[in-house]
Amino acid sequence: MATKFLLTLAICRLIVTVGLTLDPTELLSLEMEGRLSLEPSDVGSASRDFGGMQSSEPLAVLHPASAEDVARLVKAAYESAQGFGVSARGHGHSINGQAMAGNGLVIQMSGSSAEGSRRLGPRVSEESMHVDVWGGELWIDVLRSTLEYGLAPKSWTDYLYLSVGGTISNAGISGQAFNHGPQISNVLELDVVTGKGELMTCSKEHNSKLYHAVLGGLGQFGIITRARIALEKTPTRVKWIRVLYSDFATFTQDQEYLISLHGQKRKFDYVEGFVIVDEGLINNWRSSFFSPRNPVKISSLNADGGVLYCLEITKNYHESNADTIDQEVEALMKKLNYIPASVFTTDLPYVDFLDRVHKAELKLRAKNLWEVPHPWLNLFVPKSRIADFDKGVFKGILGNNTSGPILIYPMNKNKWDEKSSAVTPNEDVFYLVALLRSALNDGNETQSLEYLSNQNRKILRFCKEEGIDVKQYLPHYTTEQEWRNHFGEKWNLFSSRKMEFDPRRILATGQRIFTPSLNPTRGASC
């Protein structure tokens, strides 16, 4: 009764203050266990994201107590005469407002659950080697729970304070993807609330169309309330190695060799890399690797075009094989052609390696440099054109100042399920190029949001003019034609799946792929 009274007050406030365009009885009849909030702090959080470049206020925010709460709300939106958009929000790490719902409702999946919540924490099956998790669970909490059983997920993102539902709605990638595939290749089963408000369980064998649609589906087909993730036995420690290259062709040749070893025992477990066009970057970003007493200087390494490339690799191990790990690493390193004097190695617990970016976050927060605009640009570049991209972007458009790290590493296409909604270049090997820049208002024009955004547009224009068929990861477009071009031959299937699972196009409207079917009318009065 108390919950229903509070819900009544919330809906009446919506009608009075913002003119909610739906009959209040439609929400009052839901009898949700969660909390519908109009608190400025909740609405304000839901109107922002990590990108810091968009703002769109929802009418209210639901803190669900269960998957049934999510289903009830979405069903109300679907069946409402007027209709309203509904977006699921995890940790708010989207870049361009993808999880926002202007004049709609946001379902806050991550964070503390509502009073009386029936949401369960991660549930591990040692026998079946999997974990069932709530869609809003953060990967760091999944890791902590599975470690109690000596197990962990196989594929990760570099940053663990992201929601499970959020990453598998995109793909979820890191340096393990060459071997295990992206996170969406390691999802065994899902519970999903479709755009009709139906709570459905799906897998490769059961409701497979929905399963494949949701994986990498940008939230367009349903809200993930549970995911079953495959696990493996957890190593205890990691050899973490970085080596430098001055020649791009040699760098990419070595990266491509290393990812060709996927599935073999004698391989590195993680392969990434980054581009260094700024002398300060190599000594400041994740700088625990490089000694401040002996800084690395680009000018001293004969960098091609003033650019260096850093290969980042790891080898996992257990205490039981600690005596042989150095020999295994040495044998693999002999196959590589890096600058001989540029080997930097550290040894650390496996958990500390996985959570490495969070430590950088804490440092940036202490300097008030975390909550700034992030005009990130993530691209999948075909292997056949990565040298052209290097010449035109790394040695051309970027100049000598990057305002943040630039990741580059290859992946194997055969580790991605083509039935999923995720889009990659049509080549056996493709590269992620991630320009992870931060915009600062410090008087330096090259670090301003306008400058960096313009630079992103120049990069995309260069790719288009040169015929480099890149695909955006965490895509952001503003027209249907751009989305059609992005999905290519998958567009017809993507749009038909949309009509099947979200016919009123009310889910994840912040992606701006489809126009929602709404019929706004003047709100009722309380």
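Q: Which strand and which helix each supply at least two residues of the lining of the largest cavity?
A: This is a predicted model, in which local features need pLDDT of at least 70 and side-chain atom pairs count only at pLDDT 80 or more, while totals for chains, interfaces and linings use all residues. Residues are numbered from 1 along each chain, and side-chain values use heavy atoms, without hydrogens and water. Helices (at least four residues) and strands (at least two) are DSSP runs, and the two elements asked for are S18 and helix H16 (480-487).

Q: Which residues lie nearest the centre of the largest cavity?
A: A cavity is a set of points on a 1 Å grid where a 1.4 Å probe fits but cannot get out, and lining residues have an atom within 4 Å of a point. The largest cavity is lined by 15 residues, and those nearest its centre are Asn170, Ala422, Val423, Tyr473 and Pro475.

Q: Which strands are the edge strands of the eight-stranded sheet?
A: The open sheet runs in the order S14-S11-S13-S12-S16-S17-S15-S18 with antiparallel pairing, where two strands pair if DSSP finds at least two bridges between them. Two of its strands pair on one side only, and these edge strands are S14 (344-349) and S18 (471-473).

Conventions. 1 Å grid on protein atoms, 1.4 Å probe; cavity = no way out; pocket = protein on both sides within 12 Å on 5 of 7 lines; lining within 4 Å.
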